[in-house]
Amino acid sequence: MDFGEARRIRVAAGSCAICGREADRQDHSHELKLPRDRLCHQCNVGLGFFRDDPRLLQEAARYVVFHRRLAASMTRHARDMAAKPVPERLAAAMAWAIEQE
Ligand SMILES: [Zn+2]
């Protein structure tokens, strides 16, 4: 489902046009001085914090995805290391330390 269709469903239900939670704010464009859709407080404030700039909002989304993947990778690595016998963990740590020199 594309954003336009998802938005229409959320707006028709009286929900936040972005996240679908309860809408309690009327959003408007500061630039054009026109009303937009109803949003929840968090989404409305979020747009303001990102200066209503699509480029910044997309970069913020990429930032969050990047760090989620990094954390998942670190968690997998830690789990893999914890599953190894202690001598193998020590050998891996020594190899890593030598690489850093
Ligand atoms: Zn919302």
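**The nonpolar core and its surroundings**

Modeller: Buried residues make up 9% of the 101 residues in the chain. The model is a predicted one, with a mean pLDDT of 93 over the chain, and 100% of the residues reach 70 or more. Confidence is highest in helix H2 (residues 41–49), at a mean of 97, and lowest in H4, at 86.

The chain has four helices and two strands, and from the N terminus on the elements run α-β-β-α-α-α. The radius of gyration is 22 Å, well over the 13 Å that the globule rule gives for 101 residues, so the chain is more spread out than a compact globule. Along the principal axes, the C-alpha atoms fill a box of roughly 65 × 30 × 20 Å. The domain assignment gives domain 1, residues 1–52, and domain 2, residues 53–101; the C-alpha centres of the two domains lie 35 Å apart. Of the contacts between residues at least 6 apart in sequence, 10% join residues at least 24 apart.

Now the part you asked about. In soluble globular proteins, nonpolar side chains tend to be buried together. In this chain the largest nonpolar core has seven residues: Cys16, Ala17, Ile18, Ala23, Leu39, Cys40 and Cys43.

Cys16 has 24 other C-beta atoms within 10 Å; the cut-off for a buried residue is 20 or more, so Cys16 counts as buried. Leaving aside neighbours within four places in sequence, Cys16 is in contact with Arg10, Arg21, Ala23, Arg38, Leu39, Cys40 and Cys43. Ala6 is ten residues from Cys16 in sequence, and the two are 11 Å apart in space, C-alpha to C-alpha.

With neighbours up to four places away left out, Cys43 is in contact with Cys16, Ile18 and Cys19.

H1 is hardly covered: one of its ten residues is buried. H1 is followed by Gly14, which has a positive phi, near 75°. Strand S1 holds Gln26. Gln26 is exposed, with 11 other C-beta atoms within 10 Å. Not counting residues up to four places away in sequence, Gln26 touches Pro35 and Arg38. Gln26 and Arg38 are twelve residues apart along the chain, and their C-alpha atoms are separated by 4.5 Å. Arg38 is also one of the contacts of Cys16, and its number lies within the range of strand S2 (34–39).

Lys33, in the loop between S1 and S2, has a phi of about 60°. With 7 C-beta neighbours inside 10 Å, Lys33 counts as exposed. Arg51 lies in the loop between H2 and helix H3 (54–83), and its phi is near 55°. Arg51 is exposed too, with 10 other C-beta atoms within 10 Å.

H4 is hardly covered: the count of buried residues among its 15 residues is zero. At 1.5 Å a residue, those 15 residues (86–100) should span 21 Å, and the end C-alpha atoms are 21 Å apart, which agrees. Trp96 lies in H4 and is exposed, with 9 other C-beta atoms within 10 Å. Trp96 and Gln26 are 70 residues apart in sequence and 54 Å apart in space, C-alpha to C-alpha.

Technical notes: Residues are numbered from 1 along each chain as its sequence is written. This is a predicted model: local features need pLDDT of at least 70, side-chain atom pairs count only at pLDDT 80 or more; totals for chains, interfaces and linings use all residues. The expected span of a helix is 1.5 Å times one less than its number of residues. A residue is buried if 20 or more other C-beta atoms lie within 10 Å of its own, exposed if 12 or fewer, and partly exposed in between; C-beta atoms are placed from the backbone. pLDDT is the predictor's confidence in each residue, from 0 to 100. Domain bounds come from an automatic or database domain assignment. The radius of gyration is taken over C-alpha atoms; the globule rule is 2.2 Å times the number of residues to the power 0.38. Two residues are in contact if their C-beta atoms, placed from the backbone, lie within 7 Å. A nonpolar core is a set of buried Ala, Val, Leu, Ile, Met, Phe, Trp, Tyr and Cys residues joined through C-beta atoms within 7 Å.
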